[in-house]
2 protein chains.
Amino acid sequence: MATYQRIVLASRPRGEIKPENFRLESLPLPQLAEGELMVRVHYLSLDPYMRGRMSEAKSYAAPQPLDATMIGGTVGEVIESRNTQFSVGEFVAGMFGWSEIGVSDGSLLRKLDVSSVPLSAYLGAVGMPGMTAWYGMNQIMQPKAGETVVVSAASGAVGSAVGQLAKLRGCRAVGIAGGKEKCDYVVNELGFDACVDYKAGNLKADLKAAAPDGIDAIFENVGGEVFDTALGLTNAFARVALCGMIAGYNGEDVPIRNSRALLKNRVNLRGFIVTEHPELWPQGLADMGALVAQGKLKYRESVAQGLAAAPEALIGLLKGRNFGKQLVKLI
Amino acid sequence: MATYQRIVLASRPRGEIKPENFRLESLPLPQLAEGELMVRVHYLSLDPYMRGRMSEAKSYAAPQPLDATMIGGTVGEVIESRNTQFSVGEFVAGMFGWSEIGVSDGSLLRKLDVSSVPLSAYLGAVGMPGMTAWYGMNQIMQPKAGETVVVSAASGAVGSAVGQLAKLRGCRAVGIAGGKEKCDYVVNELGFDACVDYKAGNLKADLKAAAPDGIDAIFENVGGEVFDTALGLTNAFARVALCGMIAGYNGEDVPIRNSRALLKNRVNLRGFIVTEHPELWPQGLADMGALVAQGKLKYRESVAQGLAAAPEALIGLLKGRNFGKQLVKLI
């Protein structure tokens, strides 16, 4: 292996992402400096936030530069090391992006114990998605036993963890997902109390039936009509963990039409970015890792094969075509 | 005085309130039972929440019944008493509604000290509007010295108190109000740092200029475009005290179009109803009363004369024609 492949952002999308916004490149393997180590990436994580980074609009994070390796979380194995803290054969998580190879001085890497948790789970239930669910649950929604928690994109990496955490707290967990297959999975395999198929065309009545005592907490991943409908069913003093608005990832406006419910029901809504709370990650990842190791937290993965499949997989993710955590397997 | 007058809700409005939704009635003076007292109402408070109560739509409060005295806060004087806790000549605040006379067993009345605070102020800066400002400031926005606080309807009873409380905390206070006269008052008499005239047609640029360091806290009374514009200028971790959406008091949808800012800037938004927090009123009213008595909190009143003027005064309030706290003087 004298060369490796990576994918760079070739152009910024207008509206929907197209495959030609990306470019696959081959590069010679780098030479390590003293203190550096080289990682062979096994899995690349694809996440909705990537769409936002591809635009130039002001956001909480700097845009992805053109002609640079696309940003992304990765897990992989150390294959060469000139750093005394890391040995060949160790597994690490890091932000190496859409690349088969990563080089680091080790400062932003997290060593992974793959004896009880599968490597890929460190990009899902025991990685950023899991941390996101954990933060929304424990820092914002804080539901009590018996309360009703609604989560959109319920079969996704974040949503599936949210509902299971809600069940572990003794809550009624109601998912919203697109299609019967996802809803069946959410109820039958993940153990949610109910799941509403927003594509079935009866969202309001179905959600009302699924949350007969009203909604006490919403974990919002989608925005738009799904969110407005849930807001309309909130009980007094409901909490909203506003995590994402995938309905608007292509740049269109996603108004909250049911804003009156925020006032009428004295809702407390908070937007959050889990990477801003690094002080909580050790506790959150320990909690989530233990739940996965004990079999109390289930998850599903959509795995695309090979780096070249990443663009189409991201496009599919933004359209809800994935089922569970979207990964790209590189090795 | 063998009879007194009151105003009842005669019909529910469709869209804007019309005078014929109300009916003025004369009734014989009631006889007091043992333990009761009679109050001659001096001032009636008019408030935006009344519009909501006039509709049948589900809200946080029961609708105003038809053919019953219109709800409303009042201050007045005890003119007859068969209750040992109240003496003739004492001043009290209560919810006697749109009526010249109120009868009570005293359980929901608050005795008023008019030696250092004018009677009418107990319906404004030292009443529900002042408490509303106090709650939003101290329980939700909690701005630090140097932060920028924006309040809409800034010349109103709530907004004027919000901005002055912000100044007392060492914040930059920016108002939004309709028209040059109101804006001049907010800056020159109330001491806000700036006030933006939303009717001038340049809201976004004007607000940006008035809040050059961005917005850390919003006290929202209006909703709609005014709120969207302020949201677009929020700094990270901004707080929003969502108090009202007067823009939609006639029942129309008031979408939050800039919902993306809630996520992007990790905004914490909370709707609230100050009457639900009675445990804080003694502290809040004591604070506000002291500020008024010391001349540190200014306010303005729009006073309509006579009970029959109340319907037109409420219609004017909902259209922003008042200037400061809207009262009806009955005596």
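Start by selecting His42(B): at 14% relative accessibility it counts as buried, where buried means under 20% relative accessible area, exposed over 50% and partly exposed in between (1.4 Å probe, protein chains only). His42(B) sits in strand E3 of chain B; strands (E, at least two residues) and helices (H or I, at least four) are DSSP runs, numbered from the N terminus.

Before going on, a word on the model. It is a predicted one, in which local features need pLDDT of at least 70 and side-chain atom pairs count only at pLDDT 80 or more, while totals for chains, interfaces and linings use all residues. Residues are numbered from 1 along each chain as its sequence is written, chains are lettered from A and ligands numbered from 1 in the order in which they are written, and side-chain values use heavy atoms, with hydrogens and water left out.

Now show what surrounds His42(B). Leaving aside neighbours within four places in sequence, His42(B) is in contact with Val75(B), Gly76(B), Glu77(B), Phe91(B), Leu119(B), Val328(B), Lys329(B), Leu330(B) and Ile331(B); contact means heavy atoms within 4.5 Å.

Next, stay in chain B and select helix H9, residues 310–318. Eight of its nine residues are buried, so H9(B) is largely enclosed by the rest of the structure. Among the buried ones are Ala310(B), Leu314(B) and Leu318(B). What do the buried residues of H9(B) pack against? Colour strands E1 (3–9), E2 (22–28), E3 (37–45), E14 (301–305) and E15 (325–329), along with helix H1 (49–53), of chain B to see these partners. After H9(B) comes Gly320(B), with a positive phi near 75°.

For a pair of helices, select H2 (128–141) and H8 (281–293) of chain B. Their axes come within 9 Å and cross at roughly 105°; axes are lines fitted to C-alpha atoms, for helices over the stretch in contact, and angles run from 0 to 180 degrees between N-to-C directions. That makes H2(B) roughly perpendicular to H8(B). Here angles of 65 to 115 degrees count as roughly perpendicular, under 35 as roughly parallel, over 145 as roughly antiparallel and the rest as oblique. Trp134(B) is one of the H2(B) residues in this contact, and Trp281(B) is one of those from H8(B).

Move to chain A for another pair: H5 (203–210) and H6 (224–231). They pack at an angle of about 45°, with axes 10 Å apart, and are therefore oblique to each other. On the H5(A) side, display Leu203(A), Lys204(A) and Leu207(A); on the H6(A) side, Glu225(A), Val226(A), Thr229(A) and Ala230(A).

Keep Leu207(A) selected. Of the 54 residues in the largest nonpolar core, Leu207(A) and Leu207(B) touch the most other members. A nonpolar core is a set of buried Ala, Val, Leu, Ile, Met, Phe, Trp, Tyr and Cys residues joined through side-chain atoms within 4.5 Å. Beyond four places in sequence, the contacts of Leu207(A) include Val150(A), Ile176(A), Ile215(A) and Leu233(A).

Is Phe192(A) buried or exposed? At 2% relative accessibility, Phe192(A) counts as buried, in the loop between helix H4 (180–189) and strand E10 (194–197). Its contacts, not counting residues up to four places away, include Val151(A), Gly163(A) and Val187(A). Finally, select Asp213(A), in the loop between H5 and strand E11 (215–220) of chain A. Asp213(A) is exposed, with a relative accessible area of 60%, and its C-alpha lies 9.1 Å from that of Leu233(A), 20 residues apart along the chain.
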